[in-house]
Amino acid sequence: MFKSSNGLFGRLDDAARKDPRSSIPPPSQNPQPAPRPPYPEPAKPDAAPARVAGDGKGSKLIVGPDIKLKGAEITDCDTLVVEGRVEAAMDSRVIQIASQGVFCGTAGIDVAEIHGRFEGELTARKQLVIHATGKVSGKIRYGKLTIEEGGELSGDIGSIVASDPLARKDRSPVAAKPAGLV
């Protein structure tokens, strides 16, 4: 075995060369470890916080730039962020399509925020927001609609309230009376 007087990381002084344990203080002089903070109490199962659309909590799927997700059915996802390309069917709470992102397919969403492109069938139950760089085409249904200047919307477009015959105030069918009958 090769022995060096320089030690592993450099030159050893005479005391360390004689007894390598001499630099370690006795256990009575070792500092006590700092006490750990108490662990937070676990949440009770019946006290789960309510999730609000777009609050950043819940399950979130991010399809990054240069990623292509094709032929999928996306389920149990609270928020989908599309920075690449997605060809899928989904039912979710929130979809956010970035300016370079593209979604092709069918989506049932509470809130849709479009900076990029959406092509297909979109139902935004609460709100559809199309930003200046956004382009939405296909069969589109929405609760509320906001389009910034420059945003594009084309295809079969309608309000959920206007397209739902049960949502009309007068739910009884109107029968045409033949002329001349009393």
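A word on ground rules. This is a predicted model, where local features need pLDDT of at least 70 and side-chain atom pairs count only at pLDDT 80 or more, while totals for chains, interfaces and linings use all residues. Residues are numbered from 1 along each chain as its sequence is written, and side-chain values use heavy atoms, with hydrogens and water left out.

So, how confident is the predictor? pLDDT is its confidence in each residue, from 0 to 100. The chain averages 75, and 57% of the residues score at least 70. Over residues 39-55 the pLDDT is below 50, and that stretch has 10 contacts in the model beyond near neighbours in sequence; contact here means heavy atoms within 4.5 Å. Residues 167-182 also have a pLDDT below 50, with three such contacts. Please look at those two stretches with care.

Now to the inside. In soluble globular proteins, nonpolar side chains tend to be buried together. I'm calling a residue buried under 20% relative accessible area, exposed over 50%, and partly exposed in between, using a 1.4 Å probe and protein chains only. A nonpolar core is then a set of buried Ala, Val, Leu, Ile, Met, Phe, Trp, Tyr and Cys residues joined through side-chain atoms within 4.5 Å. The largest one here has 23 residues, and those with the most contacts inside it are Leu80, Ile95, Phe103, Leu122 and Leu128. The elements giving two or more residues to this core are β3 (79-82), β4 (85-91), β5 (94-97), β6 (102-114), β7 (117-130) and β8 (135-147). Strands are DSSP runs of E, at least two residues, numbered from the N terminus.

Which side chain does Asp110 meet in one? The partner is the side chain of Arg125, at 2.9 Å. Asp110 lies in strand β6 and is buried, with a relative accessible area of 15%. Beyond four places in sequence, Asp110 also touches Ser92, Arg93 and Ala124, among others.

That leads us to salt bridges, meaning a side-chain nitrogen of Lys or Arg within 4 Å of a carboxyl oxygen of Asp or Glu. How many are there in the whole structure? The search finds five. In one, Glu87 pairs with Arg85, the closest N and O atoms being 3.0 Å apart; Glu87 is partly exposed at 26%, and Arg85 is partly exposed at 27%. In another, Arg117 meets Glu119 at 3.0 Å, N to O.

Asp156 lies in strand β9 (residues 152-159) and Arg141 in β8, so the pair ties together parts that are 15 residues apart in sequence. Asp156 is partly exposed at 41%, whereas Arg141 is buried at 16%. Salt bridges with shared partners also join Asp91, Asp110 and Arg125 into one network.

Last, the cysteines. A disulfide is a pair of cysteine sulfur atoms within 2.5 Å, and the search finds zero. Cys77 is buried at 8%, and Cys104 is buried at 14%.

Notes. Helices (H or I, at least four residues) and strands (E, at least two) are DSSP runs, numbered from the N terminus. A polar contact is a pair of N or O atoms within 3.5 Å; within protein, one must be able to donate a hydrogen and the other to accept it, and residues adjacent in sequence count only if both atoms are side-chain atoms. pLDDT is the predictor's confidence in each residue, from 0 to 100.
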